[in-house]
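Take a look at the sequence and the fold first, and then read on.

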Amino acid sequence: MTASARGPGAAPEPGGTGGGSGAGEEARGARGAESVAPVGSGTASDLSLRAVLSSRGYALLLLLSVLIGAPIAFAAFLFLSLQHAIQRGVWEHLPEAVGYAEPPWWWPLPALLLAGLVLAPIVTRLPGGGGHKPVKGLGGPPLGPNALAGVLLAALLTLPLGVVLGPEAPLMALGSGLALLAVRSAKRDAHPKMATVLAVSGSTTAISTIFGGPLVAVVMMVEAAGLAGPQLVILLLPCLLASGVGALVFTGFGQWTGLSVGALSLPTVPPDLAPDAGDFLWGVPVAVLIGVVVSAAHRIGFVTAEWTERHTAGRTVACAVAVGVLISAYALLTGRSPAEAALSGQTTLGALAADPRAWSVAALVALVVCKGLAWGVALGSLRGGPIFPAVLLGAALGVACAGLPGMGATPGLALGISAATAVVTRLPVTSAVLAALLMGPDATNQMPLIAVASVVGFVTAELVDHLKGPGRTA
């Protein structure tokens with residue numbers, strides 16, 4: 001889909017999640033999904049839910065959703081496994097091969113220069129330009145099969161080199177592109193809404209692999225689509241079927257092959273403590289702080305996107321080098337590995353959750369500043385997904401504030417994830433669900449704070465955008 005986790009700055013649309021962003025465009029296009037079912041002579045709005053669900057056209061749609069779920073999940077598994085293997089080679093095996101226990105501070109400089117040199121011709125010459133600029137969310141309308149090669153090349157050749165973006169946008173492009181390819185037939189021309197709904201289902205299937213299951217992806221699609229009543233059921237069922245079947249295939253291949261895909265997860269979290277009055281007293285202003293910081297970093301993306309509209313190739317390389325400089329600056333300032341500030345942030349997020357005390361407050365602040373600036377530059381110039389780095393930024397800020405009187409590391413981590421995700425996606429329910437799933441057994445106690453932080457982060461981001469006035473689109 002390019003389902004709409006829309007980023008800050010996208011203008012809201014009636015009944016939707018905002019213009020130019022991801023899930024919204026495709027999912028909103030699917031609001032007329034009931035017209036997929038060619039029953040009777042009435043329009044889609046005249047058909048009852050029962051009539052749509054019992055029609056031959058909708059039955060065909062559900063069957064196609066099941067059939068595309070497995071191959072899309074398999075393709076997503078191969079994509080993520082390959083990307084993760086290349087990433088480990090660049091940041092683990094290659095430094096060891098040349099005599100370093102971990103990447104030296106200067107490692108990101110040649111890596112990001114190479115990323116820029118590889119990406120520049122993809123952006124300027126291949127169909128689709130390697131994908132949508134991530135500052136616009138997870139993309140606009142589906143790029144289609146013709147652009148799929150450029151999207152995959154951009155992701156596989158640049159994300160493992162340290163680009164501060166996630167794999168979620170390329171995954172969604174992979175899912176929607178393969179789904180559209182599967183229905184490239186006379187039926188697609190006869191029933192264009194079927195192609196739209198299948199593209200949404202394909203994207204939902206692909207993105208569910210990196211979120212660890214269908215729940216977050218489907219909730220994201222529902223919230224982004226802005227649907228209600230029968231329309232929601234009509235669109236939701238194909239997505240649930242496709243992503244559910246895909247999850248079975250994806251999990252099976254992971255167990256069978258033993259390959260890792262680097263999915264967003266927290267194998268270990270800090271000791272669970274129920275939030276008290278101090279956590280809520282500090283939680284609201286910390287969520288506001290996260291909203292302001294993440295929104296400011298995101299704003300850099302719009303400036304960068306405008307700058308790279310001209311002399312795109314050269315300026316793309318320049319932005320990639322700037323990202324490398326910022327990552328190296330983190331390593332020089334903290335004496336820690338530059339890999340912590342590079343890449344999308346899943347690995348660093350897991351390490352931070354497992355042992356928050358391993359980072360000093362100064363190191364966490366340096367991580368937020370350097371990675372936040374690098375993320376902002378990458379949003380407007382490079383290719384990838386915007387969500388995962390923002391999750392790490394929020395978590396780092398939340399843990400950094402855990403030293404405040406009465407504030408704990410576990411509540412700080414939970415509210416940081418929830419608030420930052422709400423800022424970058426503008427989907428507060430999705431953000432709360434994601435934070436709850438990541439916190440695992442701790443989620444029961446942390447859920448009230450997660451819910452509050454999600455709303456506060458969302459409202460703060462909207463107010464920040466309102467204060468900035470018009471002209472926010474890239």
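Predicted model: local features only at pLDDT ≥ 70, side-chain atom pairs only at ≥ 80, totals over all residues.

The protein averages a pLDDT of 81, and 79% of the residues score at least 70. The largest nonpolar core holds 128 residues, and the count of salt bridges comes to 5.

**Confidence along the chain**

- Where is confidence lowest, and where is it highest? Helix α1 (residues 22-29) has the lowest confidence, with a mean of 44, while α12 has the highest, at 98.
- Over residues 1-46 the pLDDT is below 50. The model still gives this stretch 156 contacts beyond near neighbours in sequence.
- Residues 470-474 also stay under 50 in pLDDT, and here the model has 13 contacts beyond four places in sequence.

**The nonpolar core**

- Within the largest nonpolar core, the residues with the most contacts are V323, W375 and L413.
- Helix α3 (residues 56-97) supplies the largest share of this core, with 12 residues.

**Helix α14**

- Helix α14 spans residues 361-379, 19 residues in total. From its first C-alpha to its last it reaches 26 Å, close to the 27 Å expected at 1.5 Å a residue.
- Of those 19 residues, 14 are buried, so α14 is largely enclosed by the rest of the structure.

- The 12 residues of α17 should span 16 Å at 1.5 Å a residue. The end C-alpha atoms of α17 are 17 Å apart, which agrees.
- Why can α17 be called largely enclosed by the rest of the structure? Because 10 of its 12 residues are buried.
- The buried residues of α17 include P428, T430, S431, A432 and V433, and L434, A435, A436, L438 and M439 belong to that set too.
- These buried residues pack against α9 (214-225), α16 and α18.
- Just after α17 comes G440, which takes a positive phi of about 60 degrees.

**Salt bridges**

- E462 and R426 meet through their side chains in a salt bridge of 2.9 Å, N to O. E462 lies in helix α18 (residues 443-468) and R426 in the loop between α16 (409-425) and α17 (428-439), so the pair ties together parts that are 36 residues apart in sequence.
- E462 is partly exposed, with a relative accessible area of 25%, whereas R426 is buried at 4%.
- R426 also forms a salt bridge with D465, where the closest N and O atoms are 2.6 Å apart. This pair links distant parts of the chain, 39 residues apart, with D465 in helix α18 and R426 in the loop between α16 and α17.
- Both D465 and R426 are buried.
- Which residues do salt bridges with shared partners join into one network? They are R426, E462 and D465.
- Elsewhere, the side chains of E340 and R336 meet in a salt bridge of 2.9 Å, N to O. E340 counts as buried at 15% relative accessibility, and R336 is partly exposed at 21%. The two fall on either side of the cut-off, because buried means under 20% relative accessible area.

- T308 sits in the loop between α11 (277-307) and α12 (312-334). Is T308 buried or exposed? T308 is buried, with a relative accessible area of 3%.
- The side chain of T308 makes a polar contact with the side chain of K133, at 3.4 Å.
- Not counting residues up to four places away in sequence, T308 touches K133, R315, C319, G380 and S381.
- S201 is found in helix α8 (residues 192-210), and it counts as buried at 0% relative accessibility.
- Which residues does S201 touch, not counting residues up to four places away in sequence? They are S65, I68, P238, C239 and A242.

Note on methods:
Residues numbered from 1 in each chain as written. Heavy atoms only, no water. Helix = DSSP H or I, 4+ residues; strand = E, 2+ residues; numbered from the N terminus. Expected span 1.5 Å × (residues − 1). Buried < 20%, exposed > 50% of the residue type's maximum accessible area, 1.4 Å probe, protein only. Polar contact = N/O pair within 3.5 Å; in protein donor to acceptor, adjacent residues only side chain to side chain. Contact = heavy atoms within 4.5 Å. pLDDT = per-residue confidence, 0-100. Core = buried A, V, L, I, M, F, W, Y, C linked by side-chain atoms within 4.5 Å. Salt bridge = Lys/Arg side-chain N within 4 Å of Asp/Glu carboxyl O.
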